[in-house]
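Colleague: Could you take a close look at one part of this model with me? I would like to start from a single residue and then see how the rest is packed.

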Amino acid sequence: MITLMKNIILSNKFLIIKKHKNIRLTIVNNLHIKQVLCNKNESASEITPYNFNVKKKEKETFLEIIHVYKKEDRIRKGQLQFILTALKYMDEFGVNKDLEIYKQLLDIFPKNKYIPKNKFQNMFFSYAKHQNVAISILKKMEKNFVIPDFEMQELIIQIFGDKNLVIKKCWNIFYWFPKFSQLNPWPIPRPIPTDPKELAKFAIAKMSCIDVQANTIVYKTKDIPDAIDDTWIVSSMSRSQQELLAVQPTNKSLIVEGPFMIWVDKYYINYFVLKGDPIKREIIYEDYDDISHLQIPFWEKHHFKIPLTKHEQEDGVYYAICATGTSSKDSLLSWIRCLQKINPILEKIPITFKIKSFPNQQLYIKNNKISNEISNEK
């Protein structure tokens, strides 16, 4: 090593004198040029297109593509390009939350090849491209809330050793993710159910948790006479909302408005609300620390009033919320008929349906034509 350092200094003697460069910087650059810190046997390779554009996009197909690559490219010349390409297609194959897939991608790196052999390689960022690609795998896991296990930790140590940025990133995820993984107040089971009815239950429970007395009920439209749509209805209504509805004036109409959108993980659910005009209240500010006017209310006549609730907002009073399988006006009409069984006053109050129409209920508009919002009133 000393002989190599002397040769580098002697070969760059005139270069240092002419350009007045730092001797240490020159030595480091020549160390990289002489490939002391790099892999001598690995040559640069161009980006190779891989066959990820298949019709059947699932986990088994993704694993088969990785297996075919390992079998064909034994020297691993295009390993970095293959891993980066595979990371882009993980969402399409639906394997972005599968820990086994990330282990298979990390297993593409050869073992005991990128471990630093001396203190100079530990000092400098050796095999920078390979470490950056491995960190990209961990960042993809971090984005999709996938926690690595001890098997992945041992795999990283076998590839890069225990003194690099890749293992530090893995330990960082190890430390923080278990602390926050169970802090979601609205937990969703894994794997996520794909049944819209189950997703609607999670969505309605998430929105109605502001009231601890909220009661979520699942109705079936086939139990309602004269119902056209045969679907389900997930409805939520609390006791305080029933009390507010009981004092609603019968000469003022209520509005069924929607659909609005709420996300449950990567899926979205349309929901509707039953609301009325805001209640005008006379707010009296009192000093509760003042005890100069104490009264004994045992022999007084009480006039009970409904306290101010969280369902009373500036734009109106929200009485109920629901999500239906078809999001149609007929299913909403069946919802009102279900609410009439526990709220008889709804039979006397006129109800207006203010429903927005969306083309085929698509989240992303594929056509160039955008349909206007249609407000149907009944």
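Which residues does Glu257 touch, not counting residues up to four places away in sequence?

Modeller: Happy to. A word on the ground rules: this is a predicted model, in which local features need pLDDT of at least 70 and side-chain atom pairs count only at pLDDT 80 or more, while totals for chains, interfaces and linings use all residues. Residues are numbered from 1 along each chain as its sequence is written, and side-chain values use heavy atoms, with hydrogens and water left out.

Beyond residues up to four places away in sequence, Glu257 touches Phe272, Val273, Lys275 and Lys354; contact means heavy atoms within 4.5 Å. Glu257 lies in strand E3. Helices (H or I, at least four residues) and strands (E, at least two) are DSSP runs, numbered from the N terminus. With 18% relative accessibility, Glu257 counts as buried, a term for residues under 20% relative accessible area, with exposed over 50% and partly exposed in between (1.4 Å probe, protein chains only).

Strand E3 (residues 254–264) also holds Pro259, which is joined to Gly258 by a cis peptide bond with omega of about 0 degrees. In the loop between E3 and strand E4 (267–276) we find Asp265. Its phi is near 60 degrees, a positive value in a residue other than glycine, and Asp265 is partly exposed at 29% relative accessibility. Arg76 is another non-glycine residue with a positive phi, about 65 degrees. That residue sits in the loop between H4 and H5 and is buried at 14% relative accessibility.

Now the packing. A nonpolar core is a set of buried Ala, Val, Leu, Ile, Met, Phe, Trp, Tyr and Cys residues joined through side-chain atoms within 4.5 Å. The largest one has 41 residues, and Phe62, Leu106, Phe109 and Ile156 have the most contacts inside it. At least two residues of this core come from each of H4, H5, H6, helix H8 (128–143), H9 and helix H10 (165–180), and H5 gives the most, with eight residues. Apart from this core lies another of 25 residues, among them Leu244, Leu245, Leu274 and Leu346. Leu106, leaving aside neighbours within four places in sequence, is in contact with Ala134, Ile137, Met152, Leu155, Ile156 and Ile159.

A pair of aromatic rings is described by the distance of the centres and the angle of the planes. Rings of Phe, Tyr and Trp (its six-membered ring) pair if their centres lie within 6.5 Å; planes under 30 degrees apart count as stacked, over 60 as edge-to-face and the rest as tilted. The count by this rule is 16 aromatic pairs. One of them is Phe52 with Phe82, a tilted pair at 5.8 Å centre to centre and 35 degrees between the planes. This pair links distant parts of the chain, 30 residues apart: Phe52 is in the loop between helix H3 (23–33) and helix H4 (59–72), and Phe82 is in helix H5 (residues 79–93). Phe52 is buried, at 0% relative accessible area, and Phe82 is buried at 0% too.

Phe109 and Phe160 form an edge-to-face pair, 5.5 Å centre to centre with 65 degrees between the planes. Here the partners are 51 residues apart, with Phe109 in the loop between helix H6 (99–106) and helix H7 (119–123) and Phe160 in helix H9 (residues 150–160). Phe109 is buried at 0%, and Phe160 is buried at 1%. Returning to Phe52 and Phe82, they belong to one aromatic cluster with Phe62, Tyr69, Tyr89 and Phe93.

The expected span of a helix is 1.5 Å times one less than its number of residues, so the 16 residues of H10 should span 22 Å; the end C-alpha atoms are 23 Å apart, which agrees. Lys179 lies over the face of Tyr175, 4.7 Å from the ring centre; this requires NZ of Lys or CZ of Arg within 6 Å of the ring centre and within 35 degrees of the ring normal.

In the loop between H10 and helix H11 (196–208) comes Trp186, partly exposed with a relative accessible area of 35%. Setting aside neighbours within four places in sequence, Trp186 is in contact with Lys206 and Cys209.
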